[in-house]
Amino acid sequence: MNTRLRRSLLFMCALAVGMPAATGFGLKTTPLPFFAGQLSAVQSSPSQVAQSGKEMVSYADVASIFSRSCDKCHSGSKPAQGLRTDSYPGIMAGGWNGPVVVPGNPAKSELVRRIRGTSTPRMPFKSPVWLSETEMARIEQWIQTGAPDGKP
Ligand code: HEC
């Protein structure tokens, strides 16, 4: 089995058990620690992750990712698919098909599936450059920690 395939299998496992998949993917060092990081993420149970005090990520922390890569189409009076990413109420309301963020469950969130490409068309729409692993992991962590607004 080649490394690429193993990585994607591990990623699927991480998604399947509802892990944020953030731990391994945030690390873009050499292939070996990258891989080791993922293994430990897969092996620890969700409660262990919660207890290990993972940093709470709020909408305010990920808004800049949306403003750079998504708001161009997902804002204004006629946002694509009825979805607005430029405000917390907008993103939580979702699009014409309903909510795209399921708090606590990145794997079930259409928004995550779109940026990962497990749902198509992948977002950002028609972009040859997708979000970085770090950005995707951060958005997943935001949803994993309950998708809070973050404004005082
Ligand atoms: C160039 C314009 C454009 C950009 C940039 C863009 N989108 Fe989209 N988005 C669309 C269009 C068009 C659709 C509808 C496509 C379809 O599903 O047929 C869509 C659909 C979606 C959907 C599905 C909504 C639903 O109700 O099913 C999600 C979620 C989404 N986009 C999230 C994002 C995110 C997150 C980003 C930024 C990383 C982004 N989009 C960037 C144009 C864009």
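Me: Which residues of H8 are called buried, and what makes a residue count as buried?
Reply: In this predicted model, they are Met136, Ala137, Arg138, Ile139, Glu140, Gln141, Trp142, Ile143 and Gln144. A residue gets that label because 20 or more other C-beta atoms lie within 10 Å of its own. That makes nine of the 12 residues of H8, so the helix is mostly covered.

Me: How do you know that H8 spans what a helix of 12 residues is expected to span?
Reply: H8 covers residues 133-144 and reaches 16 Å from its first C-alpha to its last. The expected span is 1.5 Å times one less than the number of residues, and for H8 that is 16 Å, so the reach is close to expectation. Just after H8, Gly146 takes a positive phi of about 100 degrees.

Me: What makes a set of residues a nonpolar core, and which have the most contacts inside the largest one?
Reply: Its members are buried nonpolar residues joined through C-beta atoms within 7 Å. The largest core has 21 residues, and Val62, Val101, Val112, Ile115, Ile139, Trp142 and Ile143 have the most contacts inside it. H5 (59-69), H7 (110-116) and H8 each supply at least two residues, with H8 giving the most, five.

Me: Which residues does Val101 touch?
Reply: Leaving out residues up to four places away in sequence, Val101 touches Ile91, Met92, Ser109, Leu111, Ile143 and Ala147.

Note on methods. Residues numbered from 1 in each chain as written. Predicted model: local features only at pLDDT ≥ 70, side-chain atom pairs only at ≥ 80, totals over all residues. Helix = DSSP H or I, 4+ residues; strand = E, 2+ residues; numbered from the N terminus. Contact = placed C-beta atoms within 7 Å.
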